[in-house]
Amino acid sequence: MHVIAAVRDEEGPQFLDIPKPDPGPDEALVRTLRVGIDGTDHEVLDGNHGDFPEGEDYQILGHEAVGIVEDPNRTRFEVGDLVVPTVRRPPDETNEYFERNEPDMAADGDYLERGIVGAHGFMATYFTSPERFLVGIPDEFADYGFLIEPISNSEKAFEHAQATRSAFEWNPKSALVLGNGPLGLLTLAMLDRKGFDRMYCLGRRDRPDLTIDVIECLGATYVDSRETPVSEIAAAHEAMDFVYEATGYAPHAFDTVRALAPNGVGALLGIPDDWTFQINGGQLHREIVLENKALFGSVNSNVRHFKAAKESLAAFPDWFTDELITGIYSPEEVEKAFERDDDVIKTVVEFDTP
Ligand code: NDP
Ligand code: ZN
């Protein structure tokens, strides 16, 4: 079968032929339809994130997949079922996080991640997965089901945000998404159906720009960080009940607090490199305390969040998914699928069609 992999000492995504996998006990064999590409895949490819499976010289890429069950192998699935795999898997021995179905809360070392940390991903003609890590989805999601994984990360973040505010009556009306990359745009579309009256999204692009068009078509206000830094958004627009950071721009973690309204909550999702800079720590500390603000980090997601993401995806307007996916490539065209440009929002590798 064909796979797209990161190969030791080779640059860029490599197209390899390897034998089709055999499903083990409790595993189904899945024929891959589409696998989305995100920044993490680029980082894995560049050797800046995750690591190869133990003892291997290559790693199959991809963690955002949708496929069709080819061999259910005595799992609960039937031939032809459409499924999406979750990303985390237990290391050699399972642990409490996996037993509680909360692998997203496992600490470094307590998990592998398919296509990222020590395990092969889904960019292959076929993949196998234990049934508990497969989520069944309706047939109409064959084209865009691969978006369920990234959306699920935002579902988790929003669930945790609500949990931090659950001790009092919290009725959030304003939301700010920092970042107009694929994760920011998917989150904006997700928040659109969570009851916010007013939404904003931060970028640093000139018009005309595809992402600004998407932001405005979703009814949100585009904020250019070069004109209005995050710390000034409350004064220029309004203070936010919820801020979702998806830039990976480290100062935004702290500026988020300044953008929040009293009793608001900020979720940090971006993954920055080391960066030393100055902040007014006293002001930050004081604001968090005197205004009952919360700030937390969130990574990955579990099956519950995949199920929530299914609902969000079902409610996305067709134009949104059409605009977001700027390229659909065959495995042979994988180099193009990994190209980055201002007119690329998100690309996908298509292995097969239903
Ligand atoms: P991208 O890098 O594609 O998007 C980041 C966006 O933020 C870009 O559009 C960029 O603009 C914009 N941006 C960066 N700095 C600024 C700034 N100072 N002012 C305004 N806009 C800015 O990444 P993704 O959308 O794929 O992911 C977002 C972040 O979330 C990444 O750090 C990623 O690693 C992380 N991530 C975290 C997950 C989790 O579970 N915690 C899951 C998936 C991703 P421009 O394009 O113009 O440069
Ligand atoms: Zn990802």
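This is a predicted model: local features need pLDDT of at least 70, side-chain atom pairs count only at pLDDT 80 or more; totals for chains, interfaces and linings use all residues.
Local features here need pLDDT of at least 70 and side-chain atom pairs count only at pLDDT 80 or more, whereas totals for chains, interfaces and linings use all residues. Residues are numbered from 1 along each chain as its sequence is written, chains are lettered from A and ligands numbered from 1 in the order in which they are written, and side-chain values use heavy atoms, with hydrogens and water left out.

I begin with the sheet. Three strands in the order β2-β1-β4 make up an open, antiparallel sheet. Strands are DSSP runs of E with at least two residues, helices are runs of H or I with at least four, and both are numbered from the N terminus; two strands pair if DSSP finds at least two bridges between them. The edges are taken by β2 (14–17) and β4 (58–60), and each has a single partner strand, so one side of each lacks a neighbour in the sheet. On average, neighbouring strands are turned by 50° against each other, direction ignored; the axes are lines fitted to C-alpha atoms. Between β1 (residues 2–7) and β4 there are three bridges in the antiparallel sense, and Val 7 has Tyr 58 of β4 as its bridge partner.

Next, the metal. Which residues coordinate the zinc ion, ligand 2? They are Asp 38, through OD, and His 63, through NE2, at 2.0 to 2.1 Å. Donors are N, O and S atoms within 2.8 Å of the metal (3.2 Å for Na, K and Ca), and sites may look incomplete because water is not among the atoms. Asp 38 lies in the loop between β3 (27–36) and α1 (39–45), and His 63 in the loop between β4 and β5 (64–71), 25 residues apart. Both Asp 38 and His 63 are buried, where buried means under 20% relative accessible area, exposed over 50%, and partly exposed in between, with a 1.4 Å probe and protein chains only.

I close with the annotation. An unreviewed UniProt entry carries a "binding site" annotation that includes Leu 183 and Arg 205; such annotations may be inferred rather than shown by experiment. Leu 183 sits in helix α4 (residues 182–191) and counts as partly exposed because its relative accessibility is 26%. Beyond four places in sequence, its contacts (heavy atoms within 4.5 Å) include Tyr 244 and Leu 269. Arg 205 belongs to the loop between β13 (198–203) and α5 (210–217). Arg 205 is partly exposed at 22%, and its contacts beyond four places in sequence include Asn 180, Asp 224 and Asp 342.

Notes: Axes are lines fitted to C-alpha atoms, for helices over the stretch in contact, and angles run from 0 to 180 degrees between N-to-C directions.
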